[in-house]
Amino acid sequence: MDYHALADQIKHWAIELGFEKVGICDVDLSQHEAALQQWLDAGYHGEMDWMARHGMMRARPAELLPGTLRVISARMNYLPPQAQFASNLNNPTHAYISRYALGRDYHKLLRNQLKKLGVKIEAAVGELGYRPFVDSAPILERPLAQKAGLGWTGKHSLILDQDSGSWFFLGELLVDIPLPVDTPSEDQCGKCRACVTSCPTGAIVADGVVDARRCISYLTIEYDGVIPLEFRKAVGNRIYGCDDCQLVCPWNRFADLTQQSDFHRRPAFNEPDLVALFAWDEATFLRNMEGSAIRRIGHQQWQRNLIIAMGNAPYSSRIIDALTRHQGQSALLDEHIEWALAEQQAQLPFSNTKHQRLVRIIEKGLPRDA
């Protein structure tokens with residue numbers, strides 16, 4: 001078997017399947033084990049218990065699939081045309097949703113394409129042990145991607161490529177054949193600290209190290225409890241994830257647009273008015289989020305995030321009315337509604353409670369003696 005020729009063919013097949021770049025590396029991630037343990041010991045994983053549950057298996061791919069010799073790391077762009085980053089983030093009455101989640105859930109698409117790649121390789125070699133992964137198992141995908149030459153780990157902990165920035169998904173195909181490996185990528189961030197200084201909550205605590213407990217993406221997606229007071233103002237209008245560290249990265253000036261229409265903005269997010277999104281009942285939320293990664297956080301967490309965004313928005317009687325109507329549904333929501341109402345009311349021109357009530361009555365068009 002000419003494994004060098006096979007490696008070239010694998011990369012060709014991967015491009016045909018919609019991936020933009022593919023690399024191959026061995027399974028040795030021992031140099032990352034100490035850093036992983038330190039990150040876990042510091043509690044930076046927050047309440048993501050699954051990050052610690054499997055111990056060092058995350059750094060040992062061969063334990064996921066015994067006999068694994070190589071990891072085929074692949075990436076797929078998700079930046080769509082007309083991304084509308086600044087317009088949504090700078091409009092406090094609109095919801096900002098992380099770029100990766102505006103289209104369809106990427107997990108199934110990438111996993112299916114990786115499985116097809118495995119089938120093609122198996123047809124070529126006769127018998128193959130392989131398994132695709134897309135955020136579906138404890139595996140350090142970013143160190144593997146760097147080792148396979150797909151990019152280096154930026155100070156924000158994401159993989160960066162000098163030709164494509166960071167707007168791409170990663171997936172892995174574990175195989176049990178001795179393919180030739182690619183040259184690892186070298187760090188090219190230099191002295192740039194744009195991502196570190198732009199993080200709204202100071203979540204990047206060291207180069208390449210993120211304290212998830214302070215990260216808006218973690219707080220709005222992975223964390224289902226009460227958002228700490230110290231972070232609520234910083235959340236702004238970000239209701240699902242945060243892209244700030246990527247938006248300011250100079251390398252993203254070179255990012256390529258996606259070729260996958262599945263990753264384009266879905267119509268429900270064309271005019272993401274906060275009050276309109278908050279008005280969705282659970283059935284509407286599930287219907288509009290069908291096929292979306294957002295669906296997994298559930299309706300209540302979706303509402304919680306919107307409540308914080310409405311508390312951060314300019315004063316509006318629409319927001320006051322919407323928040324008031326939803327009081328009493330759950331203790332979790334009430335905790336955030338009380339805060340959001342206080343933030344809204346603090347923007348009124350009168351500090352006197354009676355004056356505040358009068359203004360609200362007049363805005364509703366009710367008689368003064370109501």
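1. Does cysteine 199 count as buried or exposed? At 17% relative accessibility, cysteine 199 counts as buried, where buried means under 20% relative accessible area, exposed over 50% and partly exposed in between, with a 1.4 Å probe and protein chains only.

2. This is a predicted model, in which local features need pLDDT of at least 70 and side-chain atom pairs count only at pLDDT 80 or more, while totals for chains, interfaces and linings use all residues. Residues are numbered from 1 along each chain as its sequence is written, and side-chain values use heavy atoms, with hydrogens and water left out.

3. The protein chain comes to 17 helices and 10 strands, these being DSSP runs (H or I, at least four residues, for helices; E, at least two, for strands) numbered from the N terminus. Of its 370 residues, 52% count as buried.

4. In the protein chain, 76% of the contacts with a separation of 6 or more are accounted for by residues 24 or more positions apart, a contact being heavy atoms within 4.5 Å.

5. The UniProt record, an unreviewed entry, places the feature "binding site" at Cys199, Cys215, Cys242 and Cys245; such annotations may be inferred rather than shown by experiment. These residues span 47 residues in sequence, yet no two of their C-alpha atoms are more than 10.8 Å apart, so they gather at one spot.

6. Cysteine 199 lies in the loop between helix 8 (194–198) and strand 8 (204–206), whereas cysteine 215 is placed in the loop between strand 9 (209–210) and helix 9 (216–222). Leaving aside its neighbours within four places in sequence, cysteine 215 is in contact with Thr201, Ala203 and Val210.
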